[in-house]
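Student: I am new to this structure and would like to learn how to read its features. Please take them one at a time.

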Amino acid sequence: MRKIVISTGGGDAPGLNAVIFAVVNSATRRGWEVYGSRSGYKGLLEPDELVRLVPADVREITSIGGTIIGSTNKGNPFRMPVQNLAGETTVVDISGKILENFQRMGFFCHVAVGGDGSMEIAHRFAEIGMPVVGVPKTIDNDLEATDRTFGFDTAVATATDALDKLHSTAKSHDRVMVVEVMGRESGWIALYSGLAGEADAILIPEIPFDMDIVCRKINDNDLHDKRYSIVVVAEGAKASDGTRITRGQGELGRDEDVLGGMGEWVAAEIRRRTDKDVRSLTLGHLQRGGSPTTFDRLLALRFGGAAIRMVEEEKFDQMVAWKPPVMSSVPLEEAIRSRKMVDLTSDKVLTARDIGICLGDE
Ligand code: F6P
């Protein structure tokens, strides 16, 4: 009998529950026990945060967004910031305590579901002796080692639906609508939703944009009797003069900047440089919510099933990866090496240019 623990870390993504469903059912059918560690590694620190999961606990969760065991994108156990009563912050390493509890409780393996940050932490735990199998998730789709991460398809569907709705109101008022979407340092959500949602301009981090070129496209639309425009801005997009907007670090225990604000900046620039009426909106966490699409459910279920087969084969310190048409695995070290960026020679970028979408550079 094997005892395994599953955690979900980083920003949530539609499909996490489907992974949990597949892990619990596949492991139980092998006669193993599954435990869920709440909010990342909390369950391996505090007994109340560890929950036994049996098939009845996960019944009908495949279609539900979020994660039944909670998640966090703060508090790397290897450098956990703690604040004392005087408000001073010190950084402590609590990984040893977590490993000790994992071993004392007799766990055979940890299935860590998360994005690049969580995979890095999982790899570090593997290095100090915790058998780990990683499962990639993120709406950003920015993990190089796997063709897709679950959550991305749902986020793109939500963003595309929003763009479809914005067309009619933009048209009624002859307005420019600027829509900021998530994605961190990569432009996948912006590119896919902008293409599918017939945007006039798509600004992604991979292509620094020139505001003169974006405004020229908007004015050109007017000349062609299209008096409204839709501009999709990835939160990590940068202007060619280097302008990049973030909300800064700000949050205790969070390793990366909180992004956001670039859409508003682009809207202000369009307002200043044209005579158009401009409105902007940020889709934000809507993109992370709701029921996963069929594609994401299937991918997440397949990831969960593959993870348990990896545990069975004792393929530790590795991450499940989808390399169509097969489900495969890659060493975690390799999985965290590089971020997957939009390939500027890909047919999606070429198609965007061919159909007349402005990418801010020409
Ligand atoms: O990585 C997923 C993601 O949704 C990013 O696209 C976004 O920048 C970030 O998480 C938002 O994080 P938070 O939920 O902490 O605001």
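Tutor: Start with the division of the chain: domain 1 covers 3-150 + 292-324, and domain 2 covers 152-289 + 343-354. Domain bounds come from an automatic or database domain assignment. This is a predicted model, in which local features need pLDDT of at least 70, side-chain atom pairs count only at pLDDT 80 or more, and totals for chains, interfaces and linings use all residues. Residues are numbered from 1 along each chain as its sequence is written, and side-chain values use heavy atoms, with hydrogens and water left out.

Student: How far apart are the C-alpha centres of domain 1 and domain 2?

Tutor: The two C-alpha centres are separated by 32 Å. Where the domains meet, 23 residues of domain 1 and 20 residues of domain 2 take part in the contact; contact means heavy atoms within 4.5 Å.

Student: How is the area buried between domain 1 and domain 2 read?

Tutor: The size of an interface is often given as the accessible area lost when the parts come together. Buried area here is the accessible area (1.4 Å probe) that two parts lose on being put together, summed over both. Between domain 1 and domain 2 the value is about 1800 Å², with carbon and sulfur atoms giving 51% of it. On the domain 1 side, K74, I139 and D140 lose the most area to domain 2, together 31% of what that side buries.

Student: Which salt bridge and polar contact counts are found between domain 1 and domain 2?

Tutor: Side chains of opposite charge can pair when their charged atoms come close. A salt bridge is a side-chain nitrogen of Lys or Arg within 4 Å of a carboxyl oxygen of Asp or Glu. The count between the two domains is one salt bridge. Five residue pairs in polar contact are also counted between domain 1 and domain 2, both residues being at pLDDT 80 or more. A polar contact is a pair of N or O atoms within 3.5 Å; within protein, one must be able to donate a hydrogen and the other to accept it, and residues adjacent in sequence count only if both atoms are side-chain atoms.

Student: How many salt bridges does the structure hold?

Tutor: The structure holds 18 salt bridges. One of them joins K165 and D161, with the closest N and O atoms 3.1 Å apart. Both residues lie in helix α5 (residues 152-173), four residues apart, about one turn of the helix. An α-helix has 3.6 residues a turn, so residues three or four places apart point the same way. Helices (H or I, at least four residues) and strands (E, at least two) are DSSP runs, numbered from the N terminus.

Student: Where do E185 and R244 lie?

Tutor: These two form a salt bridge whose closest N and O atoms are 2.6 Å apart. E185 is in the loop between β8 (175-181) and α6 (188-196), and R244 is in the loop between β10 (229-234) and α8, so the pair ties together parts that are 59 residues apart in sequence. E185 is buried at 18%, whereas R244 is partly exposed at 29%.

Student: How is the length of helix α4 checked?

Tutor: The expected span of a helix is 1.5 Å times one less than its number of residues. Helix α4 (residues 116-127) has twelve residues and should therefore span 16 Å; its end C-alpha atoms are 17 Å apart, which agrees. Its buried residues include S118, M119 and I121. Among the elements covering the buried residues of α4 are α3 (95-104) and β6 (109-114). After α4 comes G129, with a positive phi near 115 degrees.

Student: What does H110 touch?

Tutor: H110 is found in strand β6 and is buried, with a relative accessible area of 1%. Leaving aside neighbours within four places in sequence, its contacts include V5, Y41, F102 and M130. The side chains of H110 and S7 are joined by a polar contact of 2.8 Å.

Definitions and conventions. Buried means under 20% relative accessible area, exposed over 50%, partly exposed in between (1.4 Å probe, protein chains only).
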